[in-house]
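Biologist: I'd like to learn how to read a model like this one, feature by feature. Could you walk me through it?

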Amino acid sequence: MQSEDHKEDESHAENENMGKATEATSEQLADFSTEIMSVTEMEQSPDNSPGTPPQEEKLQDSEIADAEATKTADPEPSFPPEFEKFWKVVETNPQDFTGWVYLLQYVEQENHLPAARKAFDSFFTHYPYCYGYWKKYADLEKRHSNMKQSDEVYRRGLQAIPLSVDLWIHYINFLKETLDTSDPETAGTIRGTYEHAVLAAGTDFRSDKLWEMYVNWENEQGNLKAVTAVFERILGIPTQLYSHHFQRFKEHVQNNLPRDILTTEQFVQLRRELASSANSHSGEDPPPGDDLPSGTEDITDPAKLITEIENMRHRIIEIHQEMFNHNEHEVSKRWTFEEGIKRPYFHVKPLEKTQLKNWKEYLDFEIENGTHERVVVLFERCVISCALYEEFWIKYAKYMENHSIEGVRHVYSRACTIHLSKKPMVHLLWAAFEEQQGNINEARRILKTFEENVSGLAMIRLRRVSLERRHGNLEEAEHLLQEAVKNAKSNYEASFFAVKLARHLFKIQKSLPKARKVLMEAIDRDRDNPKLYLNLLELEYNGDLKQNEENILICFDKAISGSLPIKMRILFSQRKVEFLEDFGLDVNKLLSAYEEHQALLKEQETLKRKAENGCEELDEKRSHIEEAALAAGQMTDGDMQASQAAYNYNAWYQYNYPNAWNYGQYYQSSST
């Protein structure tokens with residue numbers, strides 16, 4: 001696992017000794033909002049820890065603020081000669097992870113602090129989960145004797161990825177190295193940081209290294225009661241080294257007196273419990289004057305003292321044996337899932353399908369069987385290694401809908417603003433969520449911002465239109481569709497939006513003339529598109545057939561006399577005959593249409609014979625149009641009534657064409 005831990009910066013990992021332990025590589029993120037978990041307190045600043053004096057907190061905050069102000073006020077210094085070359089690569093394409101690696105490697109080699117700050121700060125706006133680079137950044141500040149800036153970098157990193165056991169360990173070691181050991185408040189600061197660390201990352205399956213480090217530090221302080229308290233917490237958490245912790249706990253109990261490892265309340269309670277148990281076993285009430293104490297006083301009889309100590313040790317281990325057994329059962333249920341996690345850290349490279357499947361099944365298991373806190377921690381672990389897969393962010397947000405509105409918003413915000421800035425589905429769901437909450441302006445902002453960043457997606461423009469329509473802004477909805485028609489990059493795209501606009505004008509605004517005008521203009525631009533004619537006929541059929549007869553016949557004539565393939569023209573001709581048969585008022589028009597239809601059939605036969613005899617070659621483009629027309633014509637039986645059953649994106653609604661509109665053609669491919 002050590003080698004895996006360095007894949008994200010393998011090109012220059014020789015400077016740092018990170019992620020050596022097996023259990024430390026997967027913890028990189030749990031940026032919970034205050035509504036998600038109470039753990040949030042520790043995420044804001046590791047200095048805000050229990051035991052840290054308020055004055056020290058204020059002093060540190062003010063010093064950091066002063067440092068920030070100083071950095072802001074300084075004029076931009078000159079950078080190393082090759083900096084601009086590397087910088088332009090990532091500025092042009094921020095998703096070029098390799099470009100970032102080269103840039104960060106360069107500024108480290110140059111040991112140029114202003115350039116390094118600019119590079120690292122920009123890098124973390126795109127890739128905040130790369131905990132190794134937070135360590136490199138902090139070390140760089142430290143090498144320049146900027147201890148407070150180094151501390152600030154660590155705290156920024158821990159706010160971004162509080163689930164990173166490695167980063168917590170590096171930060172705690174940094175505090176041990178830099179804090180004044182003679183200061184009586186130092187121990188409280190370090191203990192508070194340990195508490196923040198285990199609250200943030202201690203429920204991770206691979207958090208054993210952090211817990212063991214905490215136990216060892218309390219032992220070094222000689223605080224045996226605190227050691228017991230830490231053990232009592234870890235023995236109830238399913239972790240990879242659960243058995244090792246229990247073995248160490250038993251050694252801790254056997255090697256120390258119960259009075260030294262238990263709090264006063266625990267000691268008194270245990271002493272009374274043992275005394276009561278002894279009396280119940282004897283079946284007699286204790287005689288008056290029995291000198292067995294029930295409080296904290298010492299036992300003077302050495303034999304009784306030794307017996308009590310051994311009984312207490314046995315009872316302490318017995319109580320925690322039950323905890324261990326339960327925890328072992330929980331570990332066994334998760335062990336297979338944990339073994340299936342091969343890449344617990346973030347990387348831009350795609351994950352194998354087996355990895356994605358394992359994460360999905362693990363999440364489903366934890367949702368069904370685990371506590372809310374464990375589910376959230378697992379989701380946070382998942383969205384580190386699967387940060388570029390929107391399905392997991394969406395699953396996370398859906399889960400949080402039953403627990404915290406702010407939690408949902410926080411998940412969507414992180415996904416859309418950092419990791420999935422070019423993925424449409426998660427933005428659509430975020431906008432829909434905000435609309436559900438009544439935040440219409442925020443929903444508008446989300447959709448508009450995404451469309452500005454990734455132009456040309458029909459689904460985003462249509463969602464903006466439907467948002468305005470749902471809230472009564474019909475003019476804005478019409479304007480958005482008109483703008484889409486105007487700015488379309490092809491006739492096909494323009495025709496697509498023209499049909500949407502015509503349907504909006506006819507169905508919503510009840511304006512048949514405006515809708516007719518839109519489709520007629522579209523036909524003038526795209527005469528070979530049979531769907532435009534069919535949708536124009538739909539409009540006319542949905543009106544008063546007696547009044548619209550002339551317009552319907554004009555539409556048929558446009559299609560029949562146009563440049564459509566012969567088979568498509570025959571289909572329109574057949575529909576014209578059927579229309580006049582069913583609804584026409586003039587038999588002469590019917591007969592004329594019938595004769596016209598027969599002429600087209602003869603023309604088709606002639607073309608067939610010529611083609612069979614090799615007298616006519618159809619060009620590639622016309623063959624393609626012919627195939628599309630044939631596919632559309634397969635559904636011509638029946639009348640022209642529009643289906644009101646569903647808003648079907650797979651066809652132009654009433655005809656159910658096999659040649660569906662393909663939204664994918666409007667997507668811009670994104671690198672991530």
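Modeller: Gladly! Keep in mind that this is a predicted model. Let's start with a charge and a ring: the charged end of lysine 118 sits over the ring of tryptophan 87, 4.5 Å from its centre.

Biologist: Which ring does the charged end of lysine 85 sit over?

Modeller: That one is the ring of phenylalanine 86, with the charged end 4.8 Å from the ring centre.

Biologist: Let me step back to the whole chain. How many helices and strands does the protein have?

Modeller: There are 30 helices and zero strands. Of the 672 residues, 50% are buried. Contacts tell you about the fold too: among those between residues at least 6 apart in sequence, 66% join residues at least 24 apart.

Biologist: And how do I read the nonpolar interior?

Modeller: Look for buried nonpolar residues joined through their side chains. Here the largest nonpolar core has 121 residues, and Phe83, Val107, Phe120, Phe123 and Phe346 have the most contacts inside it. Helix H8 (residues 165-178) gives the largest share of this core, eight residues. A second, separate core has 48 residues, including Phe506 and Val577.

Biologist: What does phenylalanine 123 touch, leaving aside residues up to four places away in sequence?

Modeller: Its partners are Phe97, Trp100, Leu104, Cys130 and Tyr133.

Biologist: How should I read aromatic pairs?

Modeller: Check the angle between the ring planes: under 30 degrees counts as stacked, over 60 as edge-to-face, and the rest as tilted. The whole structure holds 34 aromatic pairs. Tyrosine 194 and tryptophan 217 form a tilted one, 5.6 Å centre to centre with 40° between the planes. Tyrosine 194 lies in helix H9 and tryptophan 217 in helix H10, so this pair ties together parts 23 residues apart in sequence.

Biologist: Are those two residues buried or exposed?

Modeller: Buried means under 20% relative accessible area. Tyrosine 194 is at 0%, so it counts as buried, and tryptophan 217, at 5%, counts as buried too.

Terms used: Residues numbered from 1 in each chain as written. Predicted model: local features only at pLDDT ≥ 70, side-chain atom pairs only at ≥ 80, totals over all residues. Heavy atoms only, no water. Helix = DSSP H or I, 4+ residues; strand = E, 2+ residues; numbered from the N terminus. Buried < 20%, exposed > 50% of the residue type's maximum accessible area, 1.4 Å probe, protein only. Contact = heavy atoms within 4.5 Å. Core = buried A, V, L, I, M, F, W, Y, C linked by side-chain atoms within 4.5 Å. Phe/Tyr/Trp six-rings, centres within 6.5 Å; stacked < 30°, edge-to-face > 60°. Lys NZ or Arg CZ within 6 Å of the ring centre and 35° of its normal.
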